[in-house]
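Please read the following walk through one protein model with its sequence and coordinates open beside the text.

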Amino acid sequence: MNKVGIIGGGPAGLMAAEVLGSAGYAVTVFDSMPTVGRKFLMAGKSGLNITHAESHSALLDRFGAARPTLETALNSFTGEDVRTWCTGLGVETFVGSSGRVFPKAMKASPLLRAWLARLQDLGVTIRTQCRWTRFDGDSLTFHTRTGEERHQFDAVLLALGGASWPRLGSDAAWVEPLRARGVEISPFLPANCGFEVSWSPFFAERFAGEPLKSVTATSATGTIPGEFVVNRWGIEGSLVYAHAATLRDELIVKGTAVLTVDLMPGRSTERLAADLARQPSKLSFANRIRKGAGLDPVKAALLRECFSNANALDPTALAAAIKAVPITLERTRPIAEAISSAGGVALSAMDENFMLKALPGTFVAGEMIDWEAPTGGYLLTACLATGRAAAEGMIAFLNPQR
């Protein structure tokens, strides 16, 4: 029986273990943390967004430049397949109003428990607190609680995550061992991250933590509806993350970037101007924009923060300002705070089966590969899909006549 090693106990590694265990291989999963799936569990704290219910072609478009590399894997494990897989584990899912898919229990822990029970039934061995440190000839060296261990396998999968949330295990310590073996690594960058803004002290203190709801935001990515949160250092939230890759790249190239927010997307500029013009001149500016434009306190404050002369604007100019508030961004938040990261193993470093060209028999999957996608279930879907695809690649490598 062929022995395979999987380094990394996140969604990609566990999915590969399931495929390989089901095919009859002797599988050992190694993870550096005391338990597996720590980032997976963290993702489920506010509701585990497991995949997205939009059309498959739309889902594929979310992966941008990496789509050609990931498409075959995603075609083999679609968003609907993710839901079917969850059902097979006894976890029912539902589609939220935004098209995002969640377990009915919302949490990740019931799904992870059922998944680990399945892996145990398949004979998969899971070793925790075993940190892979280096290649040693044809062996892999691990630091464990009882000292160093060396293991040899017929094929190996690396599913070690990217560089975000290092305290949960994705610390990118694998970069140098792979570089030393000739594997090309693209620089890591924060993805699905917040951005720093130079708010005035009053705005930062008064409105930190306040959500801006029912707005649209525009960048080179396009115009997208949603909501985001103001905090002391800037902005974050799902609507910001949808634009994050574009804004981050603009900051790198130009040194500055602007996210343009429509505070009242349901009303045209012309209607807003007319509604504002009808307000009595004796009203204070705050009451005029509250009654004429329906702006809540945080929206009104953001308008004044970005247009210092807002109270002097005539109705037409004020309506235009409400429809296009420019938030100037200074930098991304640190990668350790980002939900995910871009960069990692270069796409050109792998073959079509996710095997490293420089290391035959060694495969990669999940977020350690250089791809990115917005939040919305796309990250987990691709981790699961690449884990499956890499496992199938390992089977083909071990059984070329199959």
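Contact, as the word is used here, means heavy atoms within 4.5 Å, while helices (H or I, at least four residues) and strands (E, at least two) are DSSP runs numbered from the N terminus. The model is a predicted one, in which local features need pLDDT of at least 70 and side-chain atom pairs count only at pLDDT 80 or more, whereas totals for chains, interfaces and linings use all residues. Residues are numbered from 1 along each chain as its sequence is written, and side-chain values use heavy atoms, with hydrogens and water left out.

Consider next how helix 4 (residues 67-76) meets helix 14 (residues 378-398): their axes come within 8 Å and cross at roughly 85°, where axes are lines fitted to C-alpha atoms, for helices over the stretch in contact, and angles run from 0 to 180 degrees between N-to-C directions. Helix 4 and helix 14 are therefore roughly perpendicular to each other, given that angles under 35 degrees count as roughly parallel, over 145 as roughly antiparallel, 65 to 115 as roughly perpendicular and the rest as oblique. From helix 4, Leu 70, Ala 73 and Leu 74 meet Thr 381, Ala 382, Ala 385, Thr 386 and Ala 389 of helix 14. By class, this contact of helix 4 with helix 14 has 6 nonpolar, 2 polar and no charged residues, with Ala, Val, Leu, Ile, Met, Phe, Trp, Tyr, Cys and Pro counted as nonpolar, Asp, Glu, Lys and Arg as charged, and the others, Gly among them, as polar.

The second largest pocket is lined by 39 residues, and Arg 62, Tyr 241, Ala 242, Ala 373 and Pro 374 lie nearest its centre. On a 1 Å grid over the protein atoms alone, a pocket is an open set of points where a 1.4 Å probe fits, with protein on both sides within 12 Å along at least five of seven lines, and lining residues have an atom within 4 Å of a point. Helix 9 gives the largest share of this lining, 10 residues, and the lining as a whole divides into 19 nonpolar, 13 polar and 7 charged residues.

Helix 9 also holds Ile 252, which counts as exposed at 55% relative accessibility. Ile 252 and Thr 332 are 80 residues apart in sequence and 9.9 Å apart in space, C-alpha to C-alpha.

What of the backbone? Ser 214, although not a glycine, has a positive phi of about 55°; Ser 214 is found in strand 13 (residues 211-219) and is exposed, with a relative accessible area of 55%. Phe 354, also not a glycine, has a positive phi of about 70°, but Phe 354 counts as buried at 3% relative accessibility and sits in the loop between strand 19 and strand 20 (362-364).

Finally, Asp 154 lies in the loop between strand 9 (147-151) and strand 10 (155-158) and counts as partly exposed at 38% relative accessibility. Leaving aside residues up to four places away in sequence, Asp 154 touches Met 1, Asn 2, Lys 3, Phe 397 and Leu 398.

How values were computed
Buried means under 20% relative accessible area, exposed over 50%, partly exposed in between (1.4 Å probe, protein chains only).
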